[in-house]
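Hi,

Here is the structure I promised to pass on.

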There are 2 protein chains.
Amino acid sequence: MRDSNVRLEHMLSKLKRQHFRITPQRLCVVKILAAGKGHPSAEEIYAQVKKDFPTTSLATVYKTINLLKEMGEILELGFSHDSSRYDGSNPHPHPHLICMRCKRIVDFEAPALTGMARDISRKTGYEIVNHRLDFFGICPECREEKQSG
Amino acid sequence: MRDSNVRLEHMLSKLKRQHFRITPQRLCVVKILAAGKGHPSAEEIYAQVKKDFPTTSLATVYKTINLLKEMGEILELGFSHDSSRYDGSNPHPHPHLICMRCKRIVDFEAPALTGMARDISRKTGYEIVNHRLDFFGICPECREEKQSG
DNA sequence: CTTCATGCAAAACATTTGCAGCTGG
DNA sequence: CCAGCTGCAAATGTTTTGCATGAAG
């Protein structure tokens, strides 16, 4: 709650500073992402926004998501088959643990990665600007269900 | 060359063993993937196959790719915005280094990852079955071009 | 007031699917 | 022969775009 309010204020002031308008729909999308509850898809955000603003369109949701993405305020977790999921709580690259069954995504930290990036840069001459690490598996809850059902 | 012939024979015998037909188009796709030259997209494979079999369709290429994917013989590197790229030389998960400018992809090894997966499994109770690590950056060649052009 | 955002519908794009006809084993 | 493959075209699912209308600042 604490952190998410900080993130919300941060995103809003950044938008204002860059002279983007804070419309009710946009505010709603930003709130959902800043709250950092889970890793919603565009459709999930859309469904949430429609509760308050029933006329909202999915296109508007995508436009706001892209705005925040370009500002570096949210992390897009894109998948080639499923739709993208968004992480608004921590826009810096960090590993994710993805349940292949229920699609839940959880964050975790791996400080070793930045060192690894530096290593690779030195060895290959690449300038590393970003990275992504996903672990795919079955979460404890889904493992339970698997055994019984 | 040596390794790629071994991979080709391996893939072909696996296909035969499972009673899949080795059609000329299919053979051609398998050859390209087994050769392990780069990380082609479906379109690139398609363009290559059409040189020998001009009537080939993209759908057929996708069907063969999916077949090999299901058999665990190739690795799909899916991206949400760009099209997927395929790694036929080493179907076991391994990190990739991706140039954001020229889109070239190079493989590398990171033995630390399997240990990391075990760690996560122990800490979170997840059963880890797969992972993916990509580093995004600019390759030495593209860095050169950047400075001049 | 003016510019930017919205909402709709259509487009874009990669990938998959249904199906009639062909062909490898 | 005939199950399985091919090639076409149409469908799919996600995301983007063009444009007329509407509202934020």
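**Domains of chain A**

Chain A is split into domain 1 (1-91) and domain 2 (93-149), with bounds that come from an automatic or database domain assignment. A heads-up before the rest: this is a predicted model, where local features need pLDDT of at least 70 and side-chain atom pairs count only at pLDDT 80 or more, while totals for chains, interfaces and linings use all residues. Residues are numbered from 1 along each chain as its sequence is written, chains are lettered from A and ligands numbered from 1 in the order in which they are written, and side-chain values use heavy atoms, with hydrogens and water left out.

The centres of the two domains of chain A, taken over C-alpha atoms, are 22 Å apart. Domain 1 puts 11 residues into the contact and domain 2 puts in 13 (contact means heavy atoms within 4.5 Å). About 880 Å² is buried between them, 52% of it from carbon and sulfur atoms; buried area is the accessible area (1.4 Å probe) that two parts lose on being put together, summed over both. On the domain 1 side, His39(A), Leu77(A) and Phe79(A) lose the most area, together 43% of what that side buries.

The rule finds 1 salt bridge across this domain interface (a side-chain nitrogen of Lys or Arg within 4 Å of a carboxyl oxygen of Asp or Glu). Asp82(A) and Lys103(A) also pair up in a salt bridge, at 3.5 Å from N to O.

**Where the chains meet**

Between chain B and chain A, 36 residues of chain B are in contact with 36 of chain A. The buried area here is about 2900 Å², with 67% from carbon and sulfur atoms. Tyr126(B), Glu127(B) and Phe135(B) supply 22% of what chain B buries against chain A, more than any other three residues. There are 2 salt bridges between the chains, and Glu127(A) forms a salt bridge with Arg143(B), the closest N and O atoms being 3.9 Å apart.

**The core**

The largest nonpolar core has 29 residues, and Met116(A), Phe135(A), Met116(B) and Phe135(B) touch the most other members. Such a core is a set of buried Ala, Val, Leu, Ile, Met, Phe, Trp, Tyr and Cys residues joined through side-chain atoms within 4.5 Å, where buried means under 20% relative accessible area (1.4 Å probe, protein chains only). Not counting residues up to four places away in sequence, Phe135(A) touches residues of both chains, including Leu97(A), Phe108(A), Met116(B) and Ile120(B).

Cheers

Key
Buried < 20%, exposed > 50% of the residue type's maximum accessible area, 1.4 Å probe, protein only.
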